[in-house]
Amino acid sequence: MGRDLYRKSELEALAAKYAQNVVTHRGFRPEDLPEIARNQEWKQASPGQREKVCRIIRDMARALLIKAGYNRDIVYRNIP
């Protein structure tokens, strides 16, 4: 797999969904999103590719939550 698994716009949408879920479901992980779990390319991706996507989603979600007014320390505690 030479290309990225998701486009930037897809990552932004996934980050928004992840941010909504992590606020209401403690311990929710990016890979728990149904959009990711159903993706055939995700299933075939290497562990490194998966970790990279999850890291990007977590980073984007943190920024969204902080921008929305959530306390930075709490955001970083809930999204390590």
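## Largest pocket

A pocket is an open set of points, on a 1 Å grid over the protein atoms alone, where a 1.4 Å probe fits, with protein on both sides within 12 Å along at least five of seven lines; lining residues have an atom within 4 Å of a point. In this predicted model, local features need pLDDT of at least 70 and side-chain atom pairs count only at pLDDT 80 or more, while totals for chains, interfaces and linings use all residues. Residues are numbered from 1 along each chain as its sequence is written, and side-chain values use heavy atoms, without hydrogens and water.

The largest pocket holds about 180 Å³ of space, a volume being the space filled by probe spheres set on the points. Its lining has 15 residues, with Val22, Gly27, Phe28, Asn78 and Pro80 nearest the centre. α1 (8-24) and α5 (72-78) each supply at least two lining residues; helices are DSSP runs of H or I, at least four residues long.

## Nonpolar core

A nonpolar core joins buried Ala, Val, Leu, Ile, Met, Phe, Trp, Tyr and Cys residues through side-chain atoms within 4.5 Å, where buried means under 20% relative accessible area (1.4 Å probe, protein chains only). The largest one has 20 residues, and Tyr6, Tyr18, Ile36, Trp42, Val53, Ile57 and Ile79 touch the most other members. α1 and α4 (47-67) each give two or more residues to this core, and α1 gives the most, with six.

## Tyrosine 18 and arginine 29

Beyond its neighbours within four places in sequence, tyrosine 18 contacts Phe28, Arg29, Pro30, Leu33, Ile57, Arg58, Ala61 and Ile79 (contact: heavy atoms within 4.5 Å). Arginine 29 lies in the loop between α1 and α2 (34-37), and its C-alpha is 7.6 Å from that of tyrosine 18.

Methods:
Buried means under 20% relative accessible area, exposed over 50%, partly exposed in between (1.4 Å probe, protein chains only).
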